[in-house]
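Student: Can we go through this model together? I'd like to start with a strand pairing and then get to the ligands.

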Amino acid sequence: MKRLGVVLAGGRSSRFGSDKARAMLEDRPLIDHARDTIAPFVDAMATDIPDHPAPGLGPLGGLCGALRHAKARGFDAVVVTACDIPQLPSDVVPKLIDAAPAFLLEAPVVGCWPVGLADQLEAFLGGEDRSMHAWARACAATGIASDPIRNINRPSDLTSAPKPKPNRPAFFEAIAAVEHHVAALPIETIALTDALGRVTSAPVQARLFHPAADMSAMDGFVLTAADCAGGDLAIGDPIFAGDVSAPLPPGTARPIMTGAIIPAGGATVLIKERATVDGDRLHITEPVATNMNIRRKGEDAAPGDEVLGPGRTISAPMLGALVAYGVETIDVRRRPRIAIIPTGDELGSGIIDVNGPMIAALFAETGAAVTLSAPVPDSREAIAGAIAAALATADFVITTGGASAGERDHIPDAVRDVGAAIHFHGVRMRPGKPVLFATTPGGVPILGLPGNPVAALVGCRFFGMATLRRLLGLPSEAGRAVTSAVLPTNGVANVTRVVAGDGPISPLPGDRPHMMRSLLTADHWMVQLSDTEQATLFPLIDRLG
Ligand SMILES: Nc1nc2c(c(=O)[nH]1)N[C@H]1C(S)=C(S)[C@@H](COP(=O)(O)OP(=O)(O)OC[C@H]3O[C@@H](n4cnc5c(N)ncnc54)[C@H](O)[C@@H]3O)O[C@H]1N2
Ligand code: MOO
């Protein structure tokens with residue numbers, strides 16, 4: 001279900017007296033607040049869509065324009081709000097999406113509408129009653145109840161409006177949002193011998209029989225079925241691996257080496273240690289079972305067998321097996337190109353850039369192609385410029401620093417400046433709270449990591465790796481349920497560094513987001529929600545396996 005988010009900015013602002021969409025609330029235009037209320041739930045955002053079929057038809061003209069615009073671009077539904085609604089309770093958009101076609105009873109302009117309604121709405125707009133409620137009745141839309149919704153009608157509402165509270169997802173919701181917004185990279189065909197660490201994009205089939213023929217599994221003598229019962233056999237010429245030999249006549253046994261092809265007529269291999277040899281004769285004193293010590297052709301793999309699924313990272317053992325099965329080329333996801341941009345005036349003037357090399361190393365271990373820029377100063381233009389330059393080639397752009405609430409924290413503005421939609425800014429977790437996630441109109445993910453090194457690491461370990469998994473077409477990571485020895489009550493997801501062991505697990509000492517020492521001993525992260533001892537354990541490094 002592909003959804004387009006639309007902020008209606010039309011209307012005559014009659015009570016407002018100026019361009020309402022551009023009016024400032026908390027240092028940001030109203031339209032930006034409105035956009036942030038729906039961006040987390042849609043695949044792309046659009047503004048400035050002309051009303052249809054004509055201007056001046058009220059919000060339904062805007063909705064009709066939005067539906068046609070979305071339909072023409074392959075979306076399934078639109079999520080609509082208005083520029084004078086700077087805040088929505090966090091649960092209403094998911095409710096509207098679930099019930100679509102649906103609208104908010106408290107603010108009928110807010111709704112979710114399937115694009116299939118475009119023609120019906122256009123026809124409806126030819127009638128007398130163009131109210132949202134009449135339209136909702138006509139198309140049997142569901143009215144969703146909510147707490148009162150505040151809208152900004154006059155300039156004085158701007159100052160009396162309570163400060164918009166950010167809509168921060170919970171930890172696992174944020175991972176789900178990342179997974180929803182990132183698509184897999186294109187596929188390329190490469191030589192199997194170059195494929196170490198690459199991720200399959202399609203099932204892989206064996207090309208050859210393995211073993212290629214019936215072969216001896218031991219050094220010994222090959223006998224015919226007739227001679228298995230017993231007898232005194234002539235010893236023929238030995239058969240070595242790679243030899244192609246004539247059929248074996250009854251009354252003759254031939255020495256055969258491990259891996260040599262069983263001649264036609266050969267029924268069993270008697271191992272050398274059990275053989276009674278007397279000069280050029282082999283004495284079979286007691287019956288020998290047939291089918292002993294023979295590797296059968298194709299018993300491991302046959303041409304066409306699906307031996308490996310999509311979304312598998314090629315390890316050395318896998319590469320070996322596929323070589324054995326005659327696979328020469330393989331379809332994999334393109335190697336992700338990841339650009340890392342540390343930001344902060346202080347970097348290079350007294351503060352060492354820890355985050356840049358650390359995040360670069362984290363991705364280098366996954367086999368991604370990583371570019372680490374020199375630190376960028378705390379300037380909105382410089383950061384937007386660096387992100388835009390990175391977007392020219394990167395599949396994934398990561399910034400560090402400048403993500404929280406300080407005067408020099410420009411990441412959210414810089415991300416908007418490059419045209420990206422912010423899906424979340426802030427997650428109900430500690431550390432890593434100010435993390436930001438956005439995608440460009442072309443679908444390139446941008447992850448804004450906080451500056452504190454452990455917050456940056458946690459943000460990258462979870463949201464960066466969730467992004468990488470999606471780029472590579474890998475399944476989501478599943479943690480392991482454990483019991484924590486502590487009970488946090490701070491209302492957020494606590495992500496602590498731990499050493500995994502039997503019994504309840506305790507966070508290591510020195511758990512503050514600037515303290516690195518415990519990273520030298522920790523082997524896992526423990527993710528624990530408040531007020532419960534239940535927790536989920538994840539390895540310190542996601543090896544994508
Ligand atoms: N009033 C508020 N203050 C802060 C909040 C908040 O919500 N309201 N959030 C806090 C949290 S949580 C974190 S985490 C930090 C993150 O802030 P920023 O992302 O804006 O990061 P900076 O302010 O640029 O830097 C924070 C800290 O990290 C050091 N840093 C930055 N980059 C690097 C680097 N590449 N290598 C090493 N160290 C780095 C920087 O010097 C600062 O010490 O904000 C809290 N404040
Ligand atoms: O993410 Mo911040 O580290 O919570 O201090």
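Student: Which residue of strand 29 is the bridge partner of Met 429?

Tutor: Ala 493 in strand 29 is the bridge partner of Met 429. Helices (H or I, at least four residues) and strands (E, at least two) are DSSP runs, numbered from the N terminus.

Student: Before we go on, what are the ground rules?

Tutor: This is a predicted model, where local features need pLDDT of at least 70, side-chain atom pairs count only at pLDDT 80 or more, and totals for chains, interfaces and linings use all residues. Residues are numbered from 1 along each chain as its sequence is written, chains are lettered from A and ligands numbered from 1 in the order in which they are written, and side-chain values use heavy atoms, leaving out hydrogens and water.

Student: OK. How many bridges join strand 25 to strand 29?

Tutor: 2 bridges, and strand 25 (residues 429–430) runs parallel to strand 29. Two strands pair if DSSP finds at least two bridges between them. Strand 29 also pairs with strand 30 (residues 524–528), in the antiparallel sense over 5 bridges. There, Asn 494 has Gln 528 in strand 30 as its bridge partner.

Student: Why is strand 29 largely enclosed?

Tutor: Because 6 of the 6 residues of strand 29 (residues 493–498) are buried, where buried means under 20% relative accessible area, exposed over 50% and partly exposed in between (1.4 Å probe, protein chains only).

Student: Which residues of strand 29 point which way?

Tutor: Ala 493, Val 495 and Arg 497 point one way, Asn 494, Thr 496 and Val 498 the other, and all are buried. In a regular strand, side chains alternate between the two faces of the sheet.

Student: Switching to ligands. Which residues are around ligand 2?

Tutor: Pro 431, Gly 432, Lys 433, Pro 434, Asn 452, Ala 455 and Pro 513, counting a residue as near if one of its heavy atoms lies within 4 Å. The shell divides into 4 nonpolar, 2 polar and 1 charged. Here Ala, Val, Leu, Ile, Met, Phe, Trp, Tyr, Cys and Pro count as nonpolar, Asp, Glu, Lys and Arg as charged, and the others, Gly among them, as polar.

Student: And what lies 2.3 Å from an oxygen atom of ligand 2?

Tutor: A backbone N or O atom of Gly 432. A backbone N or O atom of Lys 433 is 3.1 Å from a ligand 2 oxygen, and a polar side-chain atom of Asn 452 is 3.2 Å from one.

Student: What about ligand 1, which residues come nearest?

Tutor: Of the 20 residues around ligand 1, the nearest are Glu 346, Asp 353, Val 354, Ser 404 and Lys 433. Asn 452 turns up here too, with a polar backbone atom 3.2 Å from a ligand 1 oxygen. A backbone N or O atom of Gly 451 sits 2.9 Å from an oxygen of ligand 1, and one of Asn 355 is 3.3 Å from a ligand 1 nitrogen.

Student: Is Asn 355 buried or exposed?

Tutor: Asn 355 is buried, with a relative accessible area of 6%. Its place is in helix 9 (residues 355–364), and the Asn 355 side chain reaches the backbone oxygen of Gly 451 at 2.7 Å.

Student: Where does Gly 356 lie?

Tutor: Also in helix 9, and Gly 356 is buried with a relative accessible area of 0%. Gly 356 and Leu 372 are 16 residues apart in sequence and 6.6 Å apart in space, C-alpha to C-alpha.

Conventions. A polar contact is a pair of N or O atoms within 3.5 Å; within protein, one must be able to donate a hydrogen and the other to accept it, and residues adjacent in sequence count only if both atoms are side-chain atoms.
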